[in-house]
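Subject: Handover of a structure

Dear colleague,

Please find below the structure that I am handing over to you. My notes on what was found in it follow directly after.

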Amino acid sequence: MDARRRRIDLPHATVSALEWRPSTESGPPVLLLHGGGADSAALSWGEVGPALADAGHRVFAPDHPGFGQSPSAAWTVTPENLVRHVGELVDALELSDYAIAGLSLGGGMTIGHLLDRPAGARTAVLLGCYGVMPRLADGPLGRVTHLASFLLLRSGLLAAITRSYARNASAMERGLRDLVRDPRARTPELVDAVSVEAAHGTGLATFGQWQRDQVQWNRLRTVYTERLPSIRTPTLFVHGTRDSGVPLARIEKASELLPDAALLTVPEAGHWVQRDRPDLVIPAMIEHLRRSDDAATAHP
């Protein structure tokens with residue numbers, strides 16, 4: 001199923017979005033929020049979107065401002081501004097009784113949206129979710145690793161290293177091994193697409209702006225953990241057991257804090273979990289949406 005690309009004019013930004021329309025709409029509309037770095041709606045949701053549409057959902061996947069085909073916004077990319085942005089998207093698309101799903105950065109945006117509009121989304125899916133850990137790394141060396149990352153970021157070396165990856169297909173493929181563990185899913189087409197996005201898009205620069213806001217010398221600025229018990233929205237966490245960016249233990253704790261949450265652990269999958277194991281992740285998302293639809297029908 002081919003996606004339709006559309007422009008959405010918002011009060012504080014203009015974005016480009018992919019939309020998949022089902023032949024027969026039988027479930028809630030779904031808003032999909034991609035991750036950071038060299039990511040976009042097409043890269044993260046190119047397989048998920050059509051599958052959800054085939055299951056009866058109208059699906060919207062916007063490129064965040066400064067990512068993919070969306071121009072940069074005039075405002076600074078911070079979690080607070082991104083959460084406001086998601087609310088404006090929901091309003092512009094006239095979504096009600098909808099589902100929302102987010103990967104990594106998009107997962108943090110999703111949590112923020114659930115807290116900002118508790119009566120908004122019917123259900124949510126959080127994949128490799130940001131916003132549930134105090135530092136970039138856990139363990140005995142977690143503080144040292146975090147400080148080193150802060151120094152690399154503030155010195156500009158991290159951005160320079162990342163740009164060098166974009167110019168080298170072999171380096172990009174090696175870098176993706178940590179995100180997409182299954183070599184069958186880490187196709188040459190995926191490597192090429194990420195390389196093009198990294199080399200020619202503005203996503204890396206935009207993400208760098210977000211990182212500079214978030215990564216303080218001793219901690220991450222945005223941590224939602226203490227507020228998770230207030231989220232009543234039925235939520236599915238999806239997390240790879242080999243996710244080196246967000247430890248599984250943090251997600252297990254987060255899922256326990258939500259009053260109505262389930263956790264799918266995806267064996268051997270990395271951070272880009274839906275690209276790594278679409279065979280497990282997509283059916284789980286469809287089933288979660290179906291259950292939320294059944295619950296809504298039973299308790300209108």
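Leu158 counts as partly exposed because its relative accessibility is 27%; here buried means under 20% relative accessible area, exposed over 50%, and partly exposed in between, with a 1.4 Å probe and protein chains only. The model is a predicted one, in which local features need pLDDT of at least 70 and side-chain atom pairs count only at pLDDT 80 or more, while totals for chains, interfaces and linings use all residues. Residues are numbered from 1 along each chain as its sequence is written, and side-chain values use heavy atoms, with hydrogens and water left out.

Leu158 belongs to helix H6 (residues 157-166). Helices (H or I, at least four residues) and strands (E, at least two) are DSSP runs, numbered from the N terminus. Not counting residues up to four places away in sequence, Leu158 touches Leu152, Leu153 and Gln211, where contact means heavy atoms within 4.5 Å. Gly208 is 50 residues from Leu158 in sequence, and their C-alpha atoms are 9.1 Å apart in space.

I turn next to the sheet. It is open and is formed by 8 strands in the order S1-S2-S4-S3-S5-S6-S7-S8, with mixed pairing; two strands pair if DSSP finds at least two bridges between them. Strand S1 (4-9) and S8 are the edge strands, each pairing on one side only. From one strand to the next, the twist averages 20°. S3 and strand S4 (residues 59-62) run parallel and are joined by 2 bridges, and Val30 stands opposite Val59 in S4.

Strand S7 (residues 235-240) is mostly covered, with 6 of its 6 residues buried. In a regular strand the side chains alternate between the two faces of the sheet. In S7, Thr235, Phe237 and His239 point one way, and Leu236, Val238 and Gly240 the other way. Strand S6 (residues 123-127) pairs with S7 in the parallel sense over 4 bridges, and Leu126 stands opposite Phe237. Strand S8 (residues 261-266) also runs parallel to S7, joined to it by 6 bridges; Leu264 in S8 is the bridge partner of Val238. Between S7 and S8 the chain passes through helix H10 (residues 248-257), in a right-handed β-α-β crossover. Right-handed means that, with the strands pointing away from the viewer, the path from the first strand over the helix to the second runs clockwise.

The helices come next. H4 lies across S3, strand S5 (99-103), S6 and S7, and runs at about 140° to S5. H3 and H4 pack at an angle of about 70°, with their axes 9 Å apart. Axes are lines fitted to C-alpha atoms, for helices over the stretch in contact, and angles run from 0 to 180 degrees between N-to-C directions. H3 and H4 are therefore roughly perpendicular to each other, a term for angles of 65 to 115 degrees. Residues making this contact include Leu82 and Val86 of H3, and Leu105 and Met109 of H4.

Finally, the largest nonpolar core has 46 residues, of which Leu31, Ile100, Ile111 and Leu228 touch the most other members. Such a core is a set of buried Ala, Val, Leu, Ile, Met, Phe, Trp, Tyr and Cys residues joined through side-chain atoms within 4.5 Å. Another core, of 39 residues, lies apart from it, and Leu43, Leu52, Ala99 and Ile282 are among its members.

With kind regards

Technical notes: Parallel < 35°, antiparallel > 145°, perpendicular 65-115°, else oblique.
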